[in-house]
Amino acid sequence: MSKFALAMLFGGASLAVALPAYGERNSLSMLDNLDSGDWELRQRDGAGQSNICLDNGRKLIQLRHPGLNCSSVVVEDTPNEVTVQYTCRGQGYGRTHIRRETDSLVQIDTQGIVNGRPFVYAAEARRIGNCRS
C-alpha cells in the first residue's frame, strides 16, 4: 500500500474517532432541559421540605454539597434518568440518581458523606413557580 493510501486510511480513522456520532446528544441533557424556576423538594419520608431556585437542573446533583467544585463521573445518562457520582476533595462525596417524570417533576435519590457524616436523601422535586428575588 502506498504512503498516500496509508495516510488517507489513518487520517480518516482519526477523524472518525474525533467527531461525535451524528445525532449524539450532550451529556446530562435531561437535566439541562428541566424547567427553571422555584422548585420545592419534598422528602419522601415526610421529614420536611425545602425550596431551591433552579437555573440549571445540574444543581440537583450536589444538593448536599452546593456550590463546591467537585469532580464527577456520569454513571448513567438516558433521556429520563441520570446517575452521577461526585467527589468534593476534602469535603466528602455523593452519588445521585435523578428520574425525570416531566420537565417540572423529578425524583431524586442521593447518598454520600458530608462533613464526615453519612447522608441519605430521597425527595420529589417539583417546579412551583418563578424564583423569588
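The stops below begin with the whole chain and then turn to individual residues.

**Before selecting anything**

This is a predicted model, in which local features need pLDDT of at least 70 and side-chain atom pairs count only at pLDDT 80 or more, while totals for chains, interfaces and linings use all residues. Residues are numbered from 1 along each chain as its sequence is written, and side-chain values use heavy atoms, with hydrogens and water left out.

**The whole chain**

Read from the N terminus, the order of the elements is α-α-β-β-β-β-β-β-β.

Of the 133 residues, 30% are buried; buried means under 20% relative accessible area, exposed over 50%, and partly exposed in between (1.4 Å probe, protein chains only). The chain exposes about 8700 Å², and carbon and sulfur atoms supply 51% of this area. Accessible areas come from the Shrake-Rupley method with a 1.4 Å probe, and for residues only the protein chains shown count as cover.

Among contacts (heavy atoms within 4.5 Å) with a separation of 6 or more, 45% are between residues 24 or more positions apart.

**Colouring by confidence**

Next, colour by pLDDT, the predictor's confidence in each residue, from 0 to 100. The mean for the chain is 86, and 80% of its residues reach 70 or more. Now select residues 5–23: the pLDDT is below 50 over this stretch, which has 1 contact in the model beyond near neighbours in sequence.

**The disulfides**

Select Cys53 and Cys131, which are joined with an S to S distance of 2.0 Å. Cys53 lies in strand S2 (residues 49–54) and Cys131 in the segment after strand S7 (117–129), so this pair ties together parts that are 78 residues apart in sequence. The torsion about the S-S bond of Cys53 and Cys131 is about 105°, so the disulfide is right-handed. Cys53 is partly exposed, at a relative accessible area of 39%; Cys131 is partly exposed too, at 30%.

Move on to Cys70 and Cys88, joined with an S to S distance of 1.9 Å. Cys70 is found in the loop between S2 and strand S3 (71–77) and Cys88 in strand S4 (residues 81–88), so the bond links parts 18 residues apart in sequence. The torsion about the S-S bond of Cys70 and Cys88 is about 95°, so this disulfide is right-handed. Cys70 is buried, with a relative accessible area of 14%, and Cys88 is buried, with 2%.

Select Ile61, in the loop between S2 and S3. Is Ile61 buried or exposed? Ile61 is buried, with a relative accessible area of 9%. Leaving aside residues up to four places away in sequence, Ile61 touches Leu28, Leu31, Val84, Tyr86, Thr96, Ile98 and Thr110. Draw a C-alpha to C-alpha distance from Ile61 to Thr96: the two are 5.8 Å apart in space and 35 residues apart in sequence.

**A charge over a ring**

Finally, select Arg64 and Tyr121. The charged end of Arg64 sits over the ring of Tyr121, 4.2 Å from its centre; the criterion is NZ of Lys or CZ of Arg within 6 Å of the ring centre and within 35 degrees of the ring normal.

Key. Helix = DSSP H or I, 4+ residues; strand = E, 2+ residues; numbered from the N terminus. Disulfide = S-S within 2.5 Å.
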